[in-house]
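Hi there,

I have a protein structure to pass on to you, and I hope you enjoy looking through it. Please open it beside this email as you read.

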Amino acid sequence: MKKNTVLIFSSYLKLWLLGIFLYVAGIGGNLAIAGGQGVLESAALEKDAGVLVLRGWVATEKSSNFAVQARVLLGARQVYLGRLGIGGGLRPDVVAATGREQWLNSGFEIRLRVPDDLKTGSYPVVVRVRTSDGQEIVLDVLDGAKTVHWQAPPQPGSWARLALGLAVLLPLVCWGVSLWVRWPGYIAWAGSARVFAVALLASFTLLVAGGWTGSSLALLVENDTLVQHDAVPWVGEAQPVRADEWLVITAMALGQFNQYRSGDGLPDVSTVLTSAGHNMNVVGMTGVPVANMAALAKPATWGFFFLEMRQALAWYWWLPFFGCFFAVWWALSVVFGLPWRWAAALSGLLSAAPLSVGWSGWPAYVVGFAVLGWGAWLQGWCAKGRWQALSWGALAGWATAGAFLTLYPAWLWVLASLLLPLAGAWLYEQRGRWRKAQGFWATLGLVAVAGFFCAAWWWHAKDAVAAIQGTVYPGSRLETGGYLDAWFMVKGLLAPVLFFHASEAVSPSDGAAFICLFLPLGGWLIWQQCQTHRWDALANVCLLFIAWVLWFSFFGVPDWVARFTLWSMVPVYRVDIGLLLAQTVLWALVLRQVVCVPKGGTGLLHMGWRWKGAMVFLVAMGAVFAMQQLPVSALAWFEPSLLLLALVGYVVLCWWLLSGQHVQGGVLYGVWTLAAGLTFNPLLQAPQQLSVHPVLQQRFSEARLPTTLRVAVVAGAGQALSLGGHRQTLALMAAGVPVATGALYHPPLDFWYALDPEHKYEAVYNRYQHLLLEHADLPEERAFSLTLPRLDLVLLQINTRRFDFARMGVGLVLVHQNDAEYLRANPRLLELEAVGVWAIFKVL
């Protein structure tokens, strides 16, 4: 028996060895035999994209076989293995050269991303093509395609990437461990809310220490020879649509930072912007660093006072998100009594909503302040003593001042219209817990602290505020509503697509929204009140607020109603922030009844499938109608299958919420929300320095005038509207260089009156403005021309052949070399040595 086994094993071994021999000698040998011909004709790197484009032709010897797969090597490194692109088209030249008619459709194009970790150097290119019958063709390479010169992009350091990884993992690990808080021993302590809060603080600290940011600041200095920076992009794409962040507010903050670090201090009126100066106290949202007491109520700017630029910019970016999370989490847990895990989940969904992410965290910043002030004031009413009530009131006052100093009335009044009635409803529901005396002290603390910070701000900003109030835009703006499109109700559902497309009717900013769940959440709460015959004041306030907002947005109100309610300053495109907060509160109220009451203690089990089906049907019909109202240009981005998938997901989400399956609903809502929001902004290390190019700095020194040097960047004829010189102007401003134009919150009237002493164009320039400077061939009798291409864009056209730039307080004029001929004819200018593509002229 043993002998037979040995013989059988020996026979199998011989057969196996024979198979290997046949493969190597036969099939393996065929791989070495050319199965066709091909030539790699070009290998080019796309500028700044890290994409290598290969073009050429390849064809098989047998017309029954196909070239199916390509393998690309740079040196010994394989950088691509995949499908052979057939975008090269027809190649009649190949047919003419080879006489093979069947090789007409032999062109190919391969686009591949070069690995970021490939070291800088020159690499020979090798392309091997596999055919459908298993053979391999090694392409010949023309001289121009033999070598690729690769410049490796800068990469974040290992420590920075470790900090990022820990920042992501710490809260997730603590959250995961908290689900098993009943574990015995040393793991149980990690399930507390305090530990989760510490993990979040550690996450914020790590992100700041690593210098990580989601700003699109790289666009400010992209391909710029005037300003140098060392930002390190890592993943994602910078978003041009966020220009109000990277081009305006962050650029202004950096200008203040560089001015502060250079020893020039932080004057209220910065001379960096225009010869008339600009009051930096009226810059809203996260604001810019200023040297007065109001800065204490602008926590996003604190990093600029004690951190280096990279870490300060990271602080500036992340604080709105983390601040909002903590404020809403605390309010939902303490004020509404929601279990901390559910409160944290809802807070995270609000803070990371596409509405927050798509507006660079500014909605989160405003909501965080508003909710913190609201909740702290209510806690003061329930305080045990006078000093505790005053302390809560002081915190509420600081938060109220912080919200006010974002200086965006539309968002502020929308939130106030919700939170003030909510405060009354909460006090009514909790009337047995609070005392009037403590409410008085809490209110006193709020008014005193908020009044102090607002008065400090007013003292330094009053002149600029008066100028803004007297403007055509936004000072004279009046809103009556009634022009919101129906598809806005589903834009949160479609955000993963809307975020990344643009047309004449739709902007990527339209993706900054949230999935509307008013009907299932509100319907459930109304059902509860009908079943239990108990009035839910908080729920009804939210529902009435939502009804008012929708009526105002879709139908509008008379102008006297708009003025009386102060909604005359609220554009309908800015009501989302209040609707999102109201929806979050509704969800918290539903969860409070579901998870804080023993099972069966609510009316949930009595809601029959017919009622739930009717509500879901209404939701589905409303969503279908809204999708049908999408602009034609936007519909082209959606295949019917994608819209159907979104609709089905929406219906399932609503059904789960009506059925009390909030874990499933929360997961679906969260995945949908994060998929849209987290992929919108880039992730990069902020720059450690932003400075003028050394050669340009030398030109400044050589040309320095007795007065403060000021630079004007002039766009060529017809180029200003593409922001031809505007971006470079604000990049110079961010580096601390005084400039003649820029983005201006209040009109520089002294500047304009010097150019227009008769105030002929005041209706054009008396507004918030992006001031652009452009060459134009004007008649001899006209020194300049002013046009208004957009509500907030003022175009100053000058004939640079004879314009006296000294009237603008300018010492140097910069222009692209292609347009320098206009300035060479100006007798008041002296041309200096160029820097890169920029010609430099000194004003005589």
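Below are some notes on its strands and on its surface.

This is a predicted model, in which local features need pLDDT of at least 70 and side-chain atom pairs count only at pLDDT 80 or more, while totals for chains, interfaces and linings use all residues. Residues are numbered from 1 along each chain as its sequence is written, and side-chain values use heavy atoms, with hydrogens and water left out.

Let's begin with strands. Helices (H or I, at least four residues) and strands (E, at least two) are DSSP runs, numbered from the N terminus; two strands pair if DSSP finds at least two bridges between them.

Strand 3 (residues 67-74) pairs antiparallel with strand 6 (residues 121-131) over seven bridges, and Ala 67 has Thr 131 as its bridge partner there. Six bridges, also antiparallel, link strand 3 to strand 4 (residues 77-83), where Val 72 stands opposite Tyr 80. Two residues lie between the strands of this hairpin, and Gly 75 takes a positive phi near 65°.

Elsewhere, an open antiparallel sheet has three strands in the order 10-15-12. Thr 213 has Leu 684 of strand 15 as its bridge partner.

What forms the nonpolar patch on the surface? Leu 519, Phe 617, Leu 618 and Met 621 do, with about 390 Å² of accessible area together (Shrake-Rupley method, 1.4 Å probe; for residues, only the protein chains shown count as cover). Helix 19 (residues 609-628) gives the largest share of the patch, three residues.

Best wishes

Key: Patch = residues over 30% accessible without salt bridge, like charges linked within 9 Å, V, L, I, M, F, W, Y side chains within 5 Å. Salt bridge = Lys/Arg side-chain N within 4 Å of Asp/Glu carboxyl O.
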